[in-house]
Amino acid sequence: LQAPQTPQLLLARSTALIEPRFEPDARAEMYGGLAHLLADMGAPRLAVEVGARRLQALADAGATPAEQARAWREQAAAQLDAREPEAAAASAGQALAQRPGDVDAELLLLRSLVARHRFTEAAPRLAALEAALPPGRASLQAAWAQSLRGRLLLAENRRDEALPLLQRAVS
């Protein structure tokens, strides 16, 4: 009978197998999969730790800006899940440095601003993002934008305006 694997044990075993045996590009791919697995297991802090290893492996492999931006976005999302909004803002900023205008990275940055109650800073960024989204087209990005707009309205005690936006965002 085999003992159940805890996220910490899975991380330790996987790292011991991955690190000495694989080239940076393969390590980056494996660490990306492991980070997703840990996040799915409800271990976002461990996913953040593995994500940092992935980012280093991508840098060592000379990954393209698009690959690095994607990894930075995923790191920011994991950091938000781990309740690390300051770190998430830095990671989203790295993604934007790799791919300026990346809507998903901008949304992650906005989420980190709202999580830190930096509503004044978030408002003009959100307005610019909303203007850049295709009008009348439902998308995950549009839903996030509506949700963030609703959060900003709630922060201004404009509940009657916020609730319909929040309901549309989750429907």
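**Close-up views of an all-helix predicted model**

**View 1. Ala26 in helix α2.** Ala26 has its place in helix α2, where helices (H or I, at least four residues) and strands (E, at least two) are DSSP runs, numbered from the N terminus. With a relative accessibility of 23%, Ala26 counts as partly exposed; buried means under 20% relative accessible area, exposed over 50%, and partly exposed in between (1.4 Å probe, protein chains only). Ala26 and Ser171 are separated by 145 residues in sequence and by 39 Å in space, C-alpha to C-alpha. This is a predicted model, in which local features need pLDDT of at least 70 and side-chain atom pairs count only at pLDDT 80 or more, while totals for chains, interfaces and linings use all residues. Residues are numbered from 1 along each chain as its sequence is written, and side-chain values use heavy atoms, with hydrogens and water left out.

**View 2. The protein chain as a whole.** The protein chain contains nine helices and zero strands, and its C-alpha atoms fill a box of roughly 55 × 40 × 25 Å, taken along the principal axes. Of its 171 residues, 40% count as buried. Where contact means heavy atoms within 4.5 Å, 48% of the contacts between residues at least 6 apart in sequence join residues at least 24 apart. The protein chain carries 20 positive and 20 negative side chains, and the centres of the two sets lie 4 Å apart; Lys and Arg count as positive and Asp and Glu as negative, whereas His and the chain ends are not counted, and the place of a charge is taken as NZ of Lys, CZ of Arg, CG of Asp or CD of Glu.

**View 3. The largest nonpolar core and a second, separate one.** A nonpolar core is a set of buried Ala, Val, Leu, Ile, Met, Phe, Trp, Tyr and Cys residues joined through side-chain atoms within 4.5 Å. The largest has 14 residues, of which Leu11, Tyr31, Leu34, Leu38, Leu46 and Val50 touch the most other members. Helices α1 (7–18), α2 (24–40) and α3 (44–61) each supply at least two residues of this core. When neighbours within four places in sequence are left aside, Leu34 is in contact with Leu10, Leu11, Ser14 and Val50. A second, separate core of twelve residues includes Leu107, Val114, Ala145 and Leu152.

**View 4. Arg73 in helix α4.** Arg73 lies in helix α4 (residues 65–81) and, at 18% relative accessibility, counts as buried. Apart from its neighbours within four places in sequence, Arg73 is in contact with Ala95, Asp102, Asp104, Ala105 and Leu108.

View 5. His117 is placed in the loop between α6 (103–115) and α7 (119–132), and it has a positive phi of about 60° although it is not a glycine. With a relative accessible area of 57%, His117 is exposed. Asn157, in the loop between α8 and α9 (159–170), likewise has a positive phi of about 60° without being a glycine, and its relative accessible area of 70% makes Asn157 exposed.

**View 6. Ala155 in helix α8.** Ala155 has its place in helix α8 (residues 140–155), and at 37% relative accessibility it counts as partly exposed. Between Ala155 and Ala127 there are 28 residues of separation in sequence and 16 Å in space, C-alpha to C-alpha.
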